[in-house]
Amino acid sequence: MTTTLKPLQEWVDSVAELTQPDNIHWCDGSKAENDRLTAEMCANGTLSQLNDETYPNCYLHLSDPSDVARVEHLTFVCTAAEEDAGPNNNWMPPKAAHEKIDALFAGAMQGRTLYVVPYCMGPIDSPYARLGVEITDSPYVVVNMRLMTRMGKAALNRIEKEGTFVKGLHSTGDLDPERRFIMHFPEELSIKSIGSGYGGNALLGKKCHALRIASYQARTEGWLAEHMLIVGIENPQGETHYIACAFPSACGKTNLAMLIPPETHAGWKVWTVGDDIAWLHLDDDGRLRAINPEAGYFGVVPGTNEKTNKNAFDMIQRDTIYTNVGKTADNEPWWEDKKSGTPTTDWRGQSYTKGNGPAAHPNSRFTVAATNNASYSSLAEAPEGVPISALVFGGRRRELAPLVYEAKDWNHGVLVGAGVASETTAANIGEVGVVRRDPMAMKPFCGYNFADYWNHWLSFSERSDKLPRIFHVNWFRQDEDGTFLWPGFGENLRVIRWIIDRCQNQADARSTPIGNLPSPADIDTTGLDVSAETMSTLLSVNLDAWREEMKAVGEYLDSYGERLPAALRKEQETVLAELQKAH
Ligand code: GTP
Ligand code: SPV
Ligand code: MN
């Protein structure tokens with residue numbers, strides 16, 4: 001296979017000249033191709049097959065111990081003007097960036113095969129879908145891209161018809177963190193990544209294309225590319241409402257996207273459209289519609305069990321690539337909180353001993369096709385997407401942020417999103433558990449200046465009067481002993497119900513300076529072991545603490561300087577003034 005599209009052929013030729021591979025293979029996405037690559041990787045140790053009786057068609061990949069998460073400090077947005085990348089991104093001038101990274105690509109594929117991976121982000125027949133081609137020297141990336149995107153022949157056909165595609169060049173290089181860079185050139189619709197084989201750094205369709213490059217395109221074209229799950233909530237009357245939720249990495253998107261309703265909620269159903277990324281467009285009627293650009297899940301493994309996330313637990317019993325989990329003596333995958341089995345080997349491939357760190361890396365991941373998920377929505381492949389009733393922001397905060405509150409209107413909702421703060425997680429290399437600002441859960445993923453991004457968000461209120469309402473949730477409040485106050489997981493449906501009822505003007509709320517909150521009686525806690533006192537803690541607003549928070553949000557916004565939209569600063573001033581008045 002090659003291509004009739006001249007610019008694509010020329011690009012592949014020029015990359016081959018630079019990187020000097022032994023072979024070039026154009027991926028067609030077939031099962032036969034996948035089987036051959038999998039067999040080759042099993043033979044050379046890149047993959048090992050897990051217990052085929054209990055985990056049919058499941059494989060384990062152990063990555064280099066230095067290469068287990070995204071690397072925000074090595075991720076760059078290279079726009080011509082530094083201001084366009086903004087204070088939220090690392091920046092390098094495009095010319096210098098190309099020179100630096102091309103020097104690392106020179107000869108990098110010697111002794112390896114160069115794979116050309118055409119892919120489509122979004123349903124293949126959707127007008128909202130976008131195309132890309134990833135060149136990689138990693139067969140592990142190829143088999144992951146086959147699960148995560150619509151990859152192969154059909155994508156190439158559409159690329160040849162449209163002529164436009166995002167160029168992504170990837171090599172695992174020598175895995176030396178000193179020679180690892182993830183670079184984005186939004187003005188050229190291109191990505192260059194070297195030195196890592198890990199998910200977000202290497203599966204270029206995901207964070208690099210579908211968020212960083214796409215967010216940049218979305219701004220000029222009038223849509224949004226967001227770090228959001230998309231889920232349909234069906235009530236016992238058979239009505240389904242779709243919501244999209246932005247939570248930072250490892251803060252509960254996959255879990256919420258496929259939650260199992262609690263036993264007290266007979267007749268409720270949950271339908272997964274997406275678990276990580278949403279592309280949102282205004283339709284002709286002014287309604288916001290969402291598609292999931294992905295075709296699979298690259299999800300956090302630890303913590304997944306029959307109680308917390310049964311749909312995920314079941315779907316990863318077969319056809320799954322595990323990355324950096326432990327193993328049992330029976331050659332089954334094992335991770336912390338799996339609740340069954342005993343680990344004998346850890347994620348480094350060494351024999352497991354208690355007290356010597358976890359068996360599974362905290363950011364170990366599963367890769368699995370969305371069609372394996374029992375709650376996969378019948379509208380997940382709809383070319384026109386699903387209509388969104390509510391947008392929900394969230395963070396992981398042991399203090400301060402209530403269980404749920406509703407923004408007063410769209411512009412206030414943009415402030416709520418811009419002010420999101422969350423404790424850092426193992427999804428990025430770096431310190432874990434430190435509260436930082438993560439606006440709209442997009443801090444690591446916005447491909448341009450956050451000031452311009454907020455301006456773009458604000459502009460939607462002038463374009464439509466049918467926008468979804470905006471909310472903020474926090475499943476992660478803790479008491480002094482570090483125990484979670486809210487049971488979370490499936491029980492989160494109780495909070496989602498209030499959100500949907502609010503959207504239909506069917507639920508009460510009390511107005512506070514930070515937004516509208518339910519009273520404890522407005523959340524159905526039937527059958528739940530949460531005391532009235534805890535509920536009132538979860539649903540209270542600490543005015544003193546919030547005054548400090550709102551001042552900090554103001555300082556944060558000011559750090560964006562002249563480009564900061566005045567309307568956003570005004571929202572912050574209004575909330576702060578109300579907090580001061582309430583004092
Ligand atoms: P990325 O894939 O990194 O974008 O993460 P995500 O937002 O999809 O996070 P995920 O759903 O995988 O959850 C990450 C971790 O948070 C897992 O260990 C979950 O078990 C845990 N978690 C998810 N939801 C809840 C909840 O409601 N309460 C508590 N306490 N923990 C949760
Ligand atoms: C995240 O870190 O938000 C992820 C995993 O979803 S990765 O694809 O590595 O970005
Ligand atoms: Mn994510």
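A word on ground rules. This is a predicted model, where local features need pLDDT of at least 70 and side-chain atom pairs count only at pLDDT 80 or more, while totals for chains, interfaces and linings use all residues. Residues are numbered from 1 along each chain as its sequence is written, chains are lettered from A and ligands numbered from 1 in the order in which they are written, and side-chain values use heavy atoms, with hydrogens and water left out.

1. Oxygen atoms of ligand 1 sit 3.0 Å from an N or O atom in the Asn492 side chain, 3.2 Å from one in the Arg396 side chain, and 3.1 Å from a polar backbone atom of Pro302. On its own ligand 1 exposes 660 Å², of which the protein buries 91% (Shrake-Rupley method, 1.4 Å probe).

2. Ligand 2 has 13 residues around it, with Arg70, Tyr198, Gly200, Lys207 and Ser249 the closest. Both α7 (199–202) and α8 (205–221) supply at least two residues of that shell. Domain 1 (6–45 + 74–222) and domain 2 (226–295 + 379–581) both contribute, so ligand 2 lies between them.

3. For ligand 2, oxygen atoms come 2.6 Å from an N or O atom in the Lys207 side chain, 2.8 Å from one in the Tyr198 side chain, and 2.9 Å from a backbone N or O atom of Gly200. Taken alone, ligand 2 exposes 290 Å², and 98% of that is buried by the protein.

4. Last, the sheet. Five strands form an open, mixed sheet in the order β2-β3-β18-β22-β17, where pairing requires at least two DSSP bridges. β2 (48–49) and β17 (296–300) are the edge strands with a single partner each, so one side of each lacks a neighbour in the sheet. Strands β18 (residues 321–323) and β22 (residues 365–369) run antiparallel, joined by 3 bridges, and Ile321 stands opposite Thr367 in β22.

Definitions and conventions. Helices (H or I, at least four residues) and strands (E, at least two) are DSSP runs, numbered from the N terminus. A residue is near a molecule or strand if one of its heavy atoms lies within 4 Å of it. A polar contact is a pair of N or O atoms within 3.5 Å; within protein, one must be able to donate a hydrogen and the other to accept it, and residues adjacent in sequence count only if both atoms are side-chain atoms. Domain bounds come from an automatic or database domain assignment.
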